[in-house]
Amino acid sequence: MNFTREELVRLAFPTLAAIVLLAAGVWLVTIAGESRVKAQAQFAAAHAERRQNADRLARIAEEEREVREKLDVYKQLKRLNILGEERRLEWADAISRIRNERELLDLTYRVNRQRLLKSLPGKPGSVDFYASTMIVQLDLLHEEDLLRFLADLRASGNAYYSVRNCSMRRTGQAATGTTITPRLRADCEIDLITVMDRGAKT
Amino acid sequence: MARHLLYFTADNHYLYSSAGHRLELEAKFSADDSGITTFREHLRGRKGTLFAVVADLAGEDFHEEQVPLLRGADRDAIVQRRLAQRYRDTRLAAALSIGQVAGPQRRNERLLLTSFTNTQQFTPWLDALEESGARLAGVYSVPLLAPALAARLAPRAQRAIVVTANRAGLRQCFVEDGRLRFARLERTVDMVPQALAAFARSETMRLAQYLATLRAVPRDGAPLQALVVAPRGERAAFEQALVSDARVAFQTVDIAQALGAVGLRQVPEGAGAEALYLHLAARKPPREQFASSDDRRRYFVWRLQRTVVAAGALAFAACALYASSRWLETYELRAGAADHAREARSAAERYARITAAFPVTETTTENLRVAVLEFRRIAEASAQPESALVHVSRVLEQFPQMDLDAVNWRLGGLGENREVERAGAAAPVRAEHAVIVEIAGRVNATQRNDYRGITGQVQAFANALASGGYQLARTQLPFDVTSEGTLTGDIGGRDSGEAPRFTITLARGLR
């Protein structure tokens with residue numbers, strides 16, 4: 001059946017209306033689909049958060065015990081000034097004081113530039129571990145001088161002292177009788193470790 | 001949308017309008033030229049109105065034919081040819097299919113060809129409709145509508161004669177298996193009910209006799225059922241007059257009952273049983289009708305417009321339904337998410353309340369844990385040289401002939417442990433970190449050429465050192481006594497005085 005121009009004009013509006021209705025229907029379906037996808041994501045996120053919070057609540061007794069236990073260590077780190085900025089002047093003071101108190105013969109040291117040892121994510125800020133390597137050379141009358149030096153250094157605080165290596169050898173110098181001659185020489189490499197807690201309350 | 005029905009009789013034409021369950025008489029026109037003029041006047045300003053013509057005329061021809069069983073354009077062509085052979089004017093002619101029959105060589109289709117003996121009487125009226133811009137849904141005759149009425153009055157009847165008293169006269173239609181087979185109209189004058197009933201009986205008996213003669217009904221079969229619609233208030237008279245016999249079984253149906261069966265609640269005053277057919281033509285028109293496709297073109301376009309919009313609306317409704325189900329799911333998901341969020345908040349608040357009673361810290365729990373755990377890890381991977389030096393010192397007291405030149409203490413990583421392992425240590429250190437102690441010394445108070453004695457003393461010293469958690473990683477003897485090395489000696493020569501040197505490497509794992 002062939003349509004005349006007039007008939008085609010008459011059919012144009014219904015066809016347009018049908019297309020508009022169909023497009024509106026498709027739009028509705030699309031919007032509904034997108035809305036459902038978003039709702040699914042919201043549901044999944046809320047479900048995960050709920051499970052996480054519930055798990056955390058279930059572990060709270062263990063967490064309390066853990067907090068109490070770790071808090072002692074944390075306080076000790078704070079008391080020893082291991083937590084916080086480096087205290088290079090205090091280190092220098094401590095070494096001078098030890099040398100004088102222990103009457104060590106000759107002591108030279110060099111503290112290298114600070115380097116980041118490890119950075120761990122925390123809330124609200126990270127926890128960064130830094131190390132400054134100190135190279136120490138000591139002239140010793142007796143090997144116990146080295147042990148006392150290391151013990152005094154640890155007791156002085158202001159960092160955690162992690163000895164990387166320590167060598168001790170004879171100097172081979174003969175005793176003159178007039179001056180005190182060192183019999184041993186020690187070379188040590190020690191990491192001075194400090195911790196920066198970026199989430200600590202100021 | 002209301003439909004207008006032009007009830008076409010030999011004397012007068014009546015214009016009805018049908019809306020819902022109501023039928024109203026709008027106008028009455030005489031069948032002559034003045035009637036046509038009045039009809040044209042009436043149609044003025046009614047462009048686009050839906051019209052149908054229902055003819056109730058005596059001169060309606062019915063002729064049965066058989067054509068080859070065909071479909072589509074071939075069938076249309078052969079049907080049109082048969083109609084053209086039968087009728088001079090095919091503008092108002094129809095072919096009703098009344099079934100198939102298996103012939104000796106092929107299957108045929110039985111057709112009931114029907115038209116009016118005088119189609120010219122319709123022409124000016126159809127032209128008037130065409131000129132007014134009205135939409136002609138179709139031209140029907142009362143017999144074409146009779147199967148629909150029979151189905152409503154006696155749904156189970158296989159064969160029935162439907163008898164109605166219309167304005168045009170007494171109409172009798174023979175319907176078999178839901179299809180029209182024959183019809184006739186007998187004009188009536190004003191009669192009392194008893195006379196009309198008697199006339200209906202006699203005419204029905206005549207028709208039954210005629211059908212039997214044509215062998216349209218079985219001769220010795222069950223009586224032919226006749227459904228007679230009695231005019232309002234005349235049922236009793238009809239029932240009294242319509243006595244059944246062996247040939248015809250009469251069943252009287254009150255007009256009110258018939259109106260209820262077709263769903264018509266309001267009829268105009270003075271209307272006969274034609275109201276039943278008019279209502280069926282308006283609400284349930286049969287597919288078969290007389291008008292050509294050209295006469296119905298406006299109606300066809302109008303139907304197409306509505307179909308297109310309806311399809312769009314249906315698609316929209318389907319989409320809306322589907323979207324609604326999605327929205328419902330979305331609503332449920334959001335409600336579920338809100339529940340989870342509320343419970344998560346509740347758990348977080350309880351957690352906050354409980355942790356508020358925790359010891360006061362200068363940092364968060366998370367940072368406290370991270371800081372302490374990592375610090376412990378670093379501390380566990382660290383060691384102090386004091387214990388190693390004390391261990392060496394204690395062993396050395398048992399070997400006064402040993403003189404140490406140097407002690408080198410260091411922390412070794414995983415790589416160095418593997419080197420120690422490759423060096424052939426008896427029990428290699430498996431820890432990630434280890435303390436490595438290298439001891440270099442000399443053996444005194446033993447003759448240099450006493451290889452066996454010196455080797456034995458160094459090995460004894462080394463074995464003594466390999467205690468207290470320390471393992472012997474490597475021993476470098478003053479003399480190479482292995483098969484891979486070179487053994488040298490100066491027996492009887494002068495002693496240089498230099499004590500033989502050795503190196504012992506110890507390892508101790510951390511953690």
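## Chain A

A residue is called buried if 20 or more other C-beta atoms, placed from the backbone, lie within 10 Å of its own, exposed if 12 or fewer do, and partly exposed in between. By that criterion, 24% of the 202 residues in chain A are buried. The structure is a predicted model, in which local features need pLDDT of at least 70 and side-chain atom pairs count only at pLDDT 80 or more, while totals for chains, interfaces and linings use all residues. Residues are numbered from 1 along each chain as its sequence is written, chains are lettered from A, and ligands are numbered from 1 in the order in which they are written.

Chain A has 4 helices and 5 strands, these being DSSP runs numbered from the N terminus (helices: H or I, at least four residues; strands: E, at least two). Along the sequence they follow the pattern α-α-α-β-β-β-α-β-β. Of the contacts in chain A with a separation of 6 or more, 66% join residues 24 or more positions apart, a contact being a pair whose C-beta atoms, placed from the backbone, lie within 7 Å.

## The contact between chains A and B

The contact takes 67 residues from chain A and 61 residues from chain B. On the side of chain A that touches chain B, H1(A) gives the most, with 31 residues. The residues of this side divide into 35 nonpolar, 13 polar and 19 charged, where Ala, Val, Leu, Ile, Met, Phe, Trp, Tyr, Cys and Pro count as nonpolar, Asp, Glu, Lys and Arg as charged, and the others, Gly among them, as polar.

E4(A) and strand E14 (residues 402–412) of chain B pair in the antiparallel sense over 5 bridges, pairing requiring that DSSP find at least two bridges between the strands. Within E14(B), Val407(B) is the bridge partner of Met168(A).

## Helix packing in chain B

Helix H4 (residues 142–153) and helix H7 (residues 255–262) of chain B pack at an angle of about 105 degrees, with their axes 9 Å apart. H4(B) is therefore roughly perpendicular to H7(B), a term covering angles of 65 to 115 degrees. Leu149(B), Arg152(B) and Leu153(B) in H4(B) meet Ala258(B), Ala261(B) and Val262(B) in H7(B), and by class this contact has 5 nonpolar, no polar and 1 charged residues.

## The surroundings of Ala291(B)

Ala291(B) lies in the loop between helix H8 (274–283) and helix H9 (297–356) of chain B, and is buried because 21 other C-beta atoms lie within 10 Å. Leaving aside neighbours within four places in sequence, Ala291(B) is in contact with Leu92(B), Leu136(B), Gly138(B), Val139(B) and Arg296(B).

Note on methods: Contact = placed C-beta atoms within 7 Å. Axes fitted to C-alpha atoms, helices over the stretch in contact; angles between N-to-C directions. Parallel < 35°, antiparallel > 145°, perpendicular 65-115°, else oblique.
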